[in-house]
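User: I would like to go through a structure with you, one feature at a time. Please keep the answers plain.

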Amino acid sequence: MVIVGGGITGCAIAREITRYTPDVVVLEKESDVACGASKANNAEVHSGIGEDAGTLKQKLNVRGNYLYDEFVRGLGVDFKRQGLIIVVTPRSVPEEAARQLSDEELRELLERKIPEGIVAYGEKAGIKGLRVLSRSEVLQREPNVTPEAVAGVFDPNYGLVCPYKLTIALAESAVINGARVFTNTEVTGIRVEDGRVRGVVTGRGEISTGLVVNAAGVFADEVAEMAGAGGFRIHPRKGATLLFDREVTSEYVRSSVALFRMPGMKKEHSKGGGAMPTIEGNLQLGPTAVEVEDKYDTSISAEEIEEIFERFHYLLPEFPREAVISAFSGVRAPTLEEDFVIEASDRVHGFINVAGIQSPGLASAPAIVEMVMGFLHEMGIPRNPRPDFDPVRPAVPRFAELSDDERDRLIREDPRWGHIVCRCEYVSEAEVVRAIHSLIPARDLDAVKRRTRVGMGRCQGGFCTHRVAAILARELGIPVTEVTKSGEGSAVFMGETKDILARGRGEADRS
Ligand SMILES: Cc1cc2nc3c(=O)[nH]c(=O)nc-3n(C[C@H](O)[C@H](O)[C@H](O)COP(=O)(O)OP(=O)(O)OC[C@H]3O[C@@H](n4cnc5c(N)ncnc54)[C@H](O)[C@@H]3O)c2cc1C
């Protein structure tokens, strides 16, 4: 069977299928897996508290969060439940509504009714362990939060994971168990005969199959149309996030922190964002929510950056703006109904849509997998797990995290462990080489970066980019001028300096 799309959704489904059969192929149009929303999100394993009651999104988010520890087990990827603090302040209530209340009534609303309401709402959705916090508890846990905090709610279920490392790990685990993952392979058509899927057409040829899972992210509506199994439209919504130097902000918030706003106060269709640590310790602020025309639009304007600073200035008044090291944006894949579309097509037998997977798609992934497997078992995927399924995808050692003894041992085995390529993140040449020759091979600078963190520190690649490029060229047996940032059309070098100068001189002589 064929899965279209190598994001978290497609790779998680592929990995689960290999528990039952090795007969699965993932087709990804980009040069690596995790090149869509799965590389550019806030890495939060939400609990479901921010979702609308009764939606499929909320149901799968609550279930997905519950399953997460098991989901990542054996994959060699870190997962940590840092929790979320929802902060209630006078700005949680619209000014007009607050004016209608006496001081006493407003205090009662902010200190008691709102936090208790949040807890009751979450409990109704099946979220466990929510707890009301007093003002002093909020400030004790998060001393950098606004002194205007009146109360809060602690949600212990919120977790952090590195979304692209998890996607890569899922893809590698699938490969360990017999799946095949083809990158640089765009699906351009689905062959359907007599109402049944017969094959998948790609830029590199056709694959015969009776089963297709459409996990194509923002392009899922177009892939569904190829099969005649559409009926929904994805309207891309961009989200930009600021990323901070972990040396400065690693302790700035301990949990994720968000400001509560009464319904109707938030930007439509956004959970409102917040201040969130990453699993590596960098703080993030964001994201924005901007409707865009172009599904590839991951631009970030100066206005968006300023908007993020302004939005969170109230929540974290003393925030060290100068510690920002990077900004990134990703494109969400909402449908017009704003809910996940996970269905076996009733028009095309053998075609399953897993679409509209906007936030909280990362958090919901384990439950999305469960739901899709339900359809696939009905369609003939064996129900009994294979005895030879291997759940372990060994963790890749990170030089920065090893003890001195472990470093010594590795350097004795292979001196490239002692050659530090990235000084900010302390990445060794051996890690870069391993990434290039891994099960889902890193063939460009961004792919190496996602696997090793090379270039993700304060200097953002200023020191290491050319070193990594040289290693890529050597290991792939190509001239360094052919090394790309992220696959075709993203060349980073124009040529050898002397050649360019000589060419320039030649042109000058001719003129
Ligand atoms: C700014 C932002 C913040 C977010 N924060 C969170 C968060 O904190 N927590 C959370 O749970 N969720 C979050 N999300 C949502 C989450 O990132 C997505 O739900 C999830 O990554 C979707 O994964 P996916 O695999 O469905 O899609 P994608 O990761 O987009 O993967 C789809 C893949 O299909 C490929 N593809 C498309 N068309 C074709 C074709 N024709 N042929 C072959 N391949 C094709 C694409 O190249 C892409 O790699 C956030 C999203 C954004 C944008």
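User: Is asparagine 184 buried, partly exposed or exposed, and what is its relative accessibility?
Analyst: This is a predicted model, and every value I give is computed from it. Asparagine 184 has 46% relative accessibility and therefore counts as partly exposed. The limits are under 20% for buried and over 50% for exposed.

User: What is the phi of asparagine 184 near, and where is asparagine 184 found?
Analyst: Its phi is near 50°, a positive value in a residue other than glycine. Asparagine 184 belongs to the loop between β9 (180–182) and β10 (187–193).

User: And alanine 34: what is its phi near, and is alanine 34 buried or exposed?
Analyst: Alanine 34 also carries a positive phi, near 60°. Its relative accessible area is 0%, so alanine 34 is buried. The loop that holds alanine 34 runs between β2 (25–27) and β3 (44–45).

User: Next, cis peptide bonds. What is omega for the one that joins glycine 286 and proline 287?
Analyst: Omega is about -5° there. Proline 287 sits in the loop between β17 (283–286) and β18. A cis peptide bond also joins serine 359 and proline 360, with omega about 10°. Proline 360 is in the loop between β21 (351–355) and α10 (361–378).

User: Turning to strands: how many residues of β5 are buried?
Analyst: Five of the five residues of β5 (residues 84–88) are buried, so the strand is largely enclosed by the rest of the structure.

User: Which residues cover each face of β5?
Analyst: Leu84, Ile86 and Val88 lie on one side, with Ile85 and Val87 on the other, and all are buried. In a regular strand, side chains alternate between the two faces of the sheet.

User: In which sense, parallel or antiparallel, does β5 pair with β7, and in which with β15?
Analyst: With β7 (residues 151–155) the pairing is antiparallel, over five bridges. Valine 88 is opposite alanine 151 of β7. With β15 (residues 256–259) the pairing is parallel, over four bridges. There, isoleucine 86 has alanine 258 as its bridge partner.

User: What joins β11 to β12?
Analyst: A hairpin does, through two residues. β11 (residues 196–202) and β12 (residues 205–208) run antiparallel and share four bridges. Glycine 199 stands opposite serine 208 in β12.

User: A change of topic: how many aromatic pairs are found in the whole structure?
Analyst: The search finds seven. One of them is tyrosine 68 with phenylalanine 71, an edge-to-face pair with 5.2 Å centre to centre and 70° between the planes. These two residues are three apart in helix α2 (residues 56–72), so about one helical turn separates them. Both tyrosine 68 and phenylalanine 71 are buried.

User: Why does the pair of phenylalanine 219 and tyrosine 296 count as tilted?
Analyst: The planes of phenylalanine 219 and tyrosine 296 are at 50°, so the pair is tilted; the ring centres are 5.2 Å apart.

User: Which residues form an aromatic cluster?
Analyst: Phe244, Tyr252, Phe309 and Phe319 form one.

User: Over which ring does the charged end of arginine 141 sit?
Analyst: Over that of phenylalanine 154, 4.2 Å from the ring centre. Likewise, the charged end of arginine 407 sits over the ring of phenylalanine 399, 4.6 Å from its centre.

User: Finally, how much space lies in the second largest pocket, and which residues lie nearest its centre?
Analyst: The second largest pocket holds about 740 Å³. Its lining has 27 residues, with Gly76, Lys165, Val396, Arg398 and Arg451 nearest the centre.

User: Which helix gives the most to that lining, and what is its make-up by class?
Analyst: α6 gives the most, with four residues. α6 (163–176), α12 (429–436) and α13 (445–452) each supply at least two lining residues. By class, the lining of the second largest pocket has twelve nonpolar, eleven charged and four polar residues.

Key:
Residues are numbered from 1 along each chain as its sequence is written. This is a predicted model: local features need pLDDT of at least 70, side-chain atom pairs count only at pLDDT 80 or more; totals for chains, interfaces and linings use all residues. Side-chain values use heavy atoms; hydrogens and water are left out. Buried means under 20% relative accessible area, exposed over 50%, partly exposed in between (1.4 Å probe, protein chains only). Two strands pair if DSSP finds at least two bridges between them. On a 1 Å grid over the protein atoms alone, a cavity is a set of points where a 1.4 Å probe fits but cannot get out, and a pocket is an open set with protein on both sides within 12 Å along at least five of seven lines; lining residues have an atom within 4 Å of a point. Grid points are joined across faces, edges and corners, and a volume is the space filled by probe spheres set on the points. Ala, Val, Leu, Ile, Met, Phe, Trp, Tyr, Cys and Pro count as nonpolar, Asp, Glu, Lys and Arg as charged, and the others, Gly among them, as polar. Rings of Phe, Tyr and Trp (its six-membered ring) pair if their centres lie within 6.5 Å; planes under 30 degrees apart count as stacked, over 60 as edge-to-face and the rest as tilted. A charge sits over a ring if NZ of Lys or CZ of Arg is within 6 Å of the ring centre and within 35 degrees of the ring normal.
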